[in-house]
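Visitor: Could you walk me through this model, starting with the overall fold and then going into the details?

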Amino acid sequence: MDSASDAGPSSTTTAPQAEGSSSAPLSRYESQKRRDWNTFLQYLRNHKPPLTLARCSGAHVIEFMKYLDQFGKTKVHIVGCSYFGHPNPPAPCACPLKQAWGSLDALIGRLRAAYEENGGHPESNPFGARAVRIYLREVREGQAKARGIPYEKKKRKRSTVTVSAVSSSGGGEVSVANGNDDGGDYTAMGGEAGSSSLTSITTTTHVTTTNL
């Protein structure tokens, strides 16, 4: 996934300073969230006609994301471009720069939290609107095709576990060998070994990991 690093107007917005010199400094996430929130409020004030936060809807949030595309740094090839779907184009082209999907997704997450922290109700949160989620999904799928970025599920991981048991009248030894690359051998000792019979059991397990 793309890093949420595309530049926008928020990079030039000065966040208000915390009152009191003894206040703990804000984390990077909190500072960015405050800048994003101030930028969005400024966007509403400059909107024609001006908008209030109470009247803001998911459609206005989508307009805001499209407005931010002019500050993007991610090349997104158009359908007619010869590099459409090419992950590493060998030469520059005239296709526009836009905000990367990862940048927009992270931005909306911060603004959704900021809206509720500033007194907004979760049920009326425009950043959590269904239309916004659909738009983000369309941006992700469109950029994946245009830039040749695969979004695939992780491959299945197969591991083999071998269990060898040695039984005797005085105790026994049990060893487990893990077939994974990051595994190892684990042995539990259980008394002295006398005359014994060896039993070997080999099992193969299939572990399926799902990309959430």
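Visitor: How many helices and strands does the protein chain have?

Guide: The protein chain has four helices and six strands, where helices (H or I, at least four residues) and strands (E, at least two) are DSSP runs numbered from the N terminus. Along the sequence, the pattern reads α-α-β-β-α-α-β-β-β-β.

Visitor: Before I go on, what should I know about where these values come from?

Guide: This is a predicted model, in which local features need pLDDT of at least 70 and side-chain atom pairs count only at pLDDT 80 or more, while totals for chains, interfaces and linings use all residues. Residues are numbered from 1 along each chain as its sequence is written, and side-chain values use heavy atoms, with hydrogens and water left out.

Visitor: OK, what share of the residues is buried?

Guide: Of the 212 residues in the protein chain, 29% are buried, with buried meaning under 20% relative accessible area, exposed over 50%, and partly exposed in between (1.4 Å probe, protein chains only). The chain exposes about 14000 Å², and carbon and sulfur atoms supply 52% of that area; accessible areas come from the Shrake-Rupley method with a 1.4 Å probe, and for residues only the protein chains shown count as cover.

Visitor: And the contacts, what part of them joins residues at least 24 apart?

Guide: If one takes the contacts (heavy atoms within 4.5 Å) between residues at least 6 apart in sequence, 60% of them join residues at least 24 apart.

Visitor: Which residues touch the most other members in the largest nonpolar core?

Guide: Phe40, Met65 and Phe127 do, in a core of 23 residues. A nonpolar core here is a set of buried Ala, Val, Leu, Ile, Met, Phe, Trp, Tyr and Cys residues joined through side-chain atoms within 4.5 Å. The elements giving two or more residues to this core are helix H1 (28-46), helix H2 (58-68), H3 and helix H4 (130-147), and H3 gives the most, with seven residues. As general background, nonpolar side chains in soluble globular proteins tend to be buried together.

Visitor: What does Phe40 touch?

Guide: Not counting residues up to four places away in sequence, Phe40 touches Leu53, Cys56, Phe64, Leu111 and Phe127. Phe40 also belongs to a cluster linked by ring pairs, together with Trp37, Tyr43, Phe64, Tyr67, Phe71, Tyr115 and Phe127.

Visitor: How many aromatic pairs are there?

Guide: The count comes to nine aromatic pairs, under the rule that rings of Phe, Tyr and Trp (its six-membered ring) pair if their centres lie within 6.5 Å, with planes under 30 degrees apart counted as stacked, over 60 as edge-to-face and the rest as tilted.

Visitor: And which charged end sits over the ring of Trp101?

Guide: That is the charged end of Arg140, 5.0 Å from the ring centre; a charge sits over a ring if NZ of Lys or CZ of Arg is within 6 Å of the ring centre and within 35 degrees of the ring normal.

Visitor: Switching topic, is Leu44 buried or exposed?

Guide: Leu44, which lies in helix H1, is buried, with a relative accessible area of 2%. Leaving out residues up to four places away in sequence, Leu44 touches Pro50, Leu51, Thr52, Leu53 and Cys56.

Visitor: What about the prolines, where does Pro126 lie?

Guide: Pro126 lies in the loop between H3 and H4, and it counts as buried because its relative accessible area is 3%. Pro126 and Ser57 are 69 residues apart in sequence, yet their C-alpha atoms are 5.0 Å apart in space. Beyond its neighbours within four places in sequence, the contacts of Pro126 include Cys56, Gly58, Val61 and Tyr115. Another proline, Pro49, lies in the loop between H1 and H2, and the peptide bond from Lys48 to Pro49 is cis, with omega near -5°.

Visitor: How many disulfides?

Guide: The count is zero disulfides, a disulfide being a pair of cysteine sulfur atoms within 2.5 Å. Cys93 is in no disulfide, and the nearest cysteine sulfur, that of Cys95, is 3.7 Å away.

Visitor: Last one: which residues is Arg110 in contact with?

Guide: Apart from neighbours within four places in sequence, Arg110 is in contact with Tyr29, Gln32, Lys33 and Asp36. Arg110 lies in helix H3 (residues 101-117) and counts as buried, at 13% relative accessibility.
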